[in-house]
Amino acid sequence: LVLRSLPYGEADLVATVFTEAMGVISVLAKSARTFRRGAPRSLEPMHTLRLGLTERPGAELLGLRSAAIEVPRLRLTADLERMQAAGRALRWLRRSLPPRTPEPETWNEITCLLDALDAEPAARPASLLLAEFGVALTAALGYGLNLHGCVRCGKPCDLARSAYLDPSLGGLVCRHCGGAGVLLRAELRGRLLALYSGTRGALIEQDAQAALELVDATLRAHAGVEPDGGPKGGASG
Ligand SMILES: [Zn+2]
């Protein structure tokens, strides 16, 4: 999956790619911008590609020998809302995954998300699919929030009540410990816990916005992911 590609030199491209076997890598596509008609399409994001790669001695970038679309997602790429959701998911990956580290769980989650965004008719709203992916991603990265009790004093929190949450501290903060900026409703907390325990499709449409904000706050706190940062993360390796 291509996370980003940037022009390089006269005719080349440098692409940041999330692969099943190697995790996030950077590849140099020689002459990609002067490919014969039709070919550059094969480095488009959103489709699952099969890449032929070459290690280049002493070089940080892998060479790209060939690229072919293995799983095309044409309905996804024809719909702006779905494209935006997928684009945000790929940005999260680019900025939070370490280089050259296989991430099978995250690979599975992102391909499931892209397939769901490509389904016709859409099973569920794009923002909801994205929110659930984000929660699963943060959990897979080890940034899952402690939603059972206060992260400061350890006091368990009544599941039937809303609670204060500080994503940068990694979970709930009880009133006694000063509370925190986000008030998490009991219903949403229950559905997030269901997602953590592996229940797919646990969120409902009204949760999407709040869940997306939690994912953004969590990634910002743990991985230094800015909502729209510069060329950092994923590109080195
Ligand atoms: Zn406390």
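Modeller: A residue is called buried when its relative accessible area is under 20%, exposed when that area is over 50%, and partly exposed in between. The model under discussion is predicted.

Biologist: Why is G171 called buried?

Modeller: The relative accessible area of G171 is 0%, which is under the 20% limit, so the residue is buried. G171 belongs to strand β8, residues 171-172.

Biologist: Which residues outside its sequence neighbourhood does G171 contact?

Modeller: With neighbours within four places in sequence left aside, G171 is in contact with L145, N146, V151, L165 and D166. A contact requires heavy atoms within 4.5 Å. The C-alpha atom of G171 also lies 8.3 Å from that of G144, a residue 27 positions away along the chain.

Biologist: What makes R191 count as buried?

Modeller: R191 has a relative accessibility of 19%, and the limit is under 20%, so R191 counts as buried. R191 sits in helix α5, which covers residues 186-196. Beyond its neighbours within four places in sequence, R191 is in contact with R185, A202, L203, I204 and D207.

Biologist: Is A78 buried or exposed, and how do you know?

Modeller: A78 has a relative accessible area of 67%; this is over 50%, and A78 is therefore exposed. A78 is found in the loop between α1 (74-77) and α2.

Biologist: How do you know which class A85 belongs to?

Modeller: The relative accessible area of A85 is 7%, under the 20% limit, so A85 is buried. A85 is part of helix α2. Not counting residues up to four places away in sequence, A85 touches L117, A126 and L130. By contrast, the C-alpha atoms of A85 and C150 are separated by 32 Å, and these two residues are 65 positions apart along the chain.

Biologist: Let us turn to the aromatic rings. How many aromatic pairs are counted?

Modeller: The count comes to 2 aromatic pairs. One of the pairs is formed by W92 and F133.

Biologist: Why is the pair of W92 and F133 called stacked?

Modeller: A pair of aromatic rings is described by the distance of the centres and the angle of the planes. The centres of the W92 and F133 rings are 6.4 Å apart, which is within the 6.5 Å limit, so the rings pair. Their planes stand at 10°, under the 30 degrees required, and the pair is therefore stacked.

Biologist: What makes this pair a link between distant parts of the chain?

Modeller: W92 is in helix α2 (residues 80-96), F133 is in helix α4 (residues 126-140), and the two residues are 41 positions apart. W92 has a relative accessible area of 3%, and F133 likewise has 3%. Each value is under 20%, so both residues are buried.

Biologist: Why do M46 and R100 fall into separate accessibility classes?

Modeller: M46 has a relative accessible area of 5%, under 20%, so M46 is buried. R100 has 31%, between the limits of 20% and 50%, so R100 is partly exposed. M46 is in the loop between β3 (23-29) and β4 (48-54), and R100 is in the loop between α2 and α3.

Biologist: Consider finally the whole protein. What secondary structure does the protein have?

Modeller: The protein has 6 helices and 9 strands.

Biologist: How do you know how compact the protein is?

Modeller: The radius of gyration is 20 Å, close to the 18 Å that the globule rule gives for 237 residues, so the protein is as compact as a globular protein of that length. Buried residues make up 45% of the 237 residues. Of the contacts with a separation of 6 or more, 57% come from residues 24 or more positions apart.

Technical notes: Residues numbered from 1 in each chain as written. Predicted model: local features only at pLDDT ≥ 70, side-chain atom pairs only at ≥ 80, totals over all residues. Heavy atoms only, no water. Helix = DSSP H or I, 4+ residues; strand = E, 2+ residues; numbered from the N terminus. Rg over C-alpha atoms; globule rule 2.2 N^0.38 Å. Buried < 20%, exposed > 50% of the residue type's maximum accessible area, 1.4 Å probe, protein only. Phe/Tyr/Trp six-rings, centres within 6.5 Å; stacked < 30°, edge-to-face > 60°.
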